[in-house]
Amino acid sequence: TTKKISHVGIAVKSLDAAVPLYRDVLGMEFEGTEVVAEQKVKVAFFVSGESRIELLEATSPDSPVAKFIEKNGEGVHHLAYEVDDLKATLARLQTQGVRLIDSEPRRGAHGTAIAFLHPKATGGVLTELCQPAQG
Ligand code: CMX
């Protein structure tokens with residue numbers, strides 16, 4: 001079962017341009033940036049109370065985020081839900097016939113394990129499941 005919204009992912013053209021809005025205008029706590037090589041993105045995390053926002057910048061023209069911005073412009077890219085046991089959740093979704101992008105967990109930011117469901121299976125909302133790193 002899902003525990004909570006882990007974060008909302010927002011596609012931006014430039015982290016340098018977008019970070020000041022979230023940090024200085026909206027006043028969120030900036031946690032820093034990280035390159036997630038496997039996903040071809042550089043991300044910036046912000047904390048706002050119990051909520052987290054992830055800004056995503058493409059690190060290559062064939063990044064999913066570059067393709068998304070080309071098609072839609074900047075904007076909300078995905079919703080991520082926290083789960084306790086990602087492998088078990090993916091196995092269950094597979095038996096339920098849900099179209100997955102990732103049938104096995106992949107590496108996300110902060111050592112999390114992540115997997116995406118296909119937006120065609122989730123009403124047009126790109127959905128990520130993530131399991132926090134142990135400890
Ligand atoms: N939200 C909702 N719909 C989306 C979407 C998104 N973020 N990205 C693509 N789509 C839709 C497209 O609009 C398109 O719909 P139509 O066929 O109706 O036009 C359809 O999905 C196919 O999209 P596409 O542009 O042809 O692109 P691809 O199929 O090549 O890729 C997707 C789409 C979702 C499979 C790919 O972006 C993907 O694998 N995403 C998961 C990985 C990812 O996004 N990583 C970056 C973030 C990593 C992180 O947070 O760490």
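Me: How many helices and strands are there in the protein chain?

Reply: This is a predicted model, in which local features need pLDDT of at least 70, side-chain atom pairs count only at pLDDT 80 or more, and totals for chains, interfaces and linings use all residues. Residues are numbered from 1 along each chain as its sequence is written. Helices (H or I, at least four residues) and strands (E, at least two) are DSSP runs, numbered from the N terminus. Read along the sequence, the pattern is β-α-β-β-β-α-β-α-β-β-β, and the count is three helices and eight strands.

Me: What is the radius of gyration of the protein chain?

Reply: The radius is taken over C-alpha atoms, and the globule rule is 2.2 Å times the number of residues to the power 0.38. The C-alpha atoms fill a box of roughly 45 × 35 × 25 Å along the principal axes. For 135 residues a compact globule would have a value near 14 Å, which agrees with that of the protein chain, 15 Å.

Me: Which percentage of the residues of the protein chain count as buried?

Reply: A residue is buried if 20 or more other C-beta atoms lie within 10 Å of its own, exposed if 12 or fewer, and partly exposed in between, with C-beta atoms placed from the backbone. Of the 135 residues, the buried part is 25%.

Me: Why does lysine 40 count as partly exposed?

Reply: Lysine 40 lies in the loop between β2 (29-36) and β3 (41-48). Its phi is near 55°, a positive value in a residue other than glycine. Lysine 40 counts as partly exposed because its C-beta neighbours inside 10 Å number 17.

Me: Is histidine 110 buried or exposed?

Reply: Histidine 110 sits in the loop between β6 (106-107) and β7 (113-117). Histidine 110 is not a glycine, yet has a positive phi of about 55°. With 12 other C-beta atoms within 10 Å, histidine 110 is exposed.

Me: Which element gives the most to the shell around the ligand?

Reply: A residue is near a molecule or strand if its C-beta atom, placed from the backbone, lies within 6 Å of it. Of the 19 residues around the ligand, those that come nearest are Gln39, Pro64, Phe116, Pro119 and Leu126. Both α2 (64-72) and β5 (75-83) supply at least two residues of the shell. The element that gives the most, with five residues, is α2.
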